[in-house]
Amino acid sequence: MEYITAVSGMEEAVYNVLHTTIRTVYPKYYPQEVVEFFCRHHNKEHILEGILSGNMGVLTDRGEIAGTGCYNDNHITGVYVLPRYQKQGCGSHIMNCLEAEIMKKHDAVILDASLPAACFYEKRGYKTTGHGIWQLENDVKLVYEIMEKRF
């Protein structure tokens, strides 16, 4: 597996990773309104912005995009791995690459952890520094952990 910088033309494959992962994993933890919120947020325009920033990468396996990660400054804004590649070290590989880039300019990294990912980040040395809540439609709340790791 290889982690490379995402380039124009990869939008559809990244979109597939994001939406497949969200629609497969998130319903186990969140109501449907939250799933739909994340799918709307990770639209093709948003993905293209990430690619054009130069801060989005993809993890490839024999030509297939298995996962993706993105950061802005010292904030990891997303890590997603296709369900069939989960529990194989792919998320850790992406995180290692993102953290290495952030460490070049910062002494700490922050991220907003979804409920399914919070334990993964804790095992990597992240500490919860707060909790975020977004009010969605139908009086549904999106709850997440704000986490930080110092280098």
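Where does D139 lie in this protein? D139 sits in the loop between β6 (127–135) and β7 (141–150). Keep in mind that this is a predicted model, where local features need pLDDT of at least 70 and side-chain atom pairs count only at pLDDT 80 or more, while totals for chains, interfaces and linings use all residues. Residues are numbered from 1 along each chain as its sequence is written, and side-chain values use heavy atoms, with hydrogens and water left out.

**The overall layout**

- You'll find five helices and seven strands here; helices (H or I, at least four residues) and strands (E, at least two) are DSSP runs, numbered from the N terminus.
- Starting at the N terminus, the elements go β-α-α-α-β-β-β-α-β-α-β-β.

**Size and packing**

- A compact globule of 151 residues would have a radius of gyration near 15 Å, and the protein has 15 Å, so the two agree. That radius is taken over C-alpha atoms, and the globule rule is 2.2 Å times the number of residues to the power 0.38.
- Along the principal axes, the C-alpha atoms fill a box of roughly 40 × 35 × 30 Å.
- Of the 151 residues, 47% count as buried (buried is under 20% relative accessible area, exposed over 50%, partly exposed in between, with a 1.4 Å probe and protein chains only).
- Among contacts with a separation of 6 or more, 62% come from residues 24 or more positions apart; a contact means heavy atoms within 4.5 Å.

**Two helices that pack**

- Two packed helices are described by the angle between their axes and the distance between the axes.
- For helix α1 (residues 11–25) and helix α3 (residues 44–53), the angle is about 115° and the axes are 10 Å apart. Axes are lines fitted to C-alpha atoms, for helices over the stretch in contact, and angles run from 0 to 180 degrees between N-to-C directions.
- On the α1 side, E11, E12, V14, Y15 and L18 make the contact, and they meet K44, I47, L48 and I51 of α3.
- Sorted by class, this contact has six nonpolar, no polar and three charged residues (Ala, Val, Leu, Ile, Met, Phe, Trp, Tyr, Cys and Pro count as nonpolar, Asp, Glu, Lys and Arg as charged, and the others, Gly among them, as polar).

- Most residues other than glycine have a negative phi.
- D139 is not a glycine, yet its phi is positive, at about 60°. D139 counts as exposed because its relative accessibility is 60%.
- D73 also isn't glycine, and its phi is positive, near 60°.
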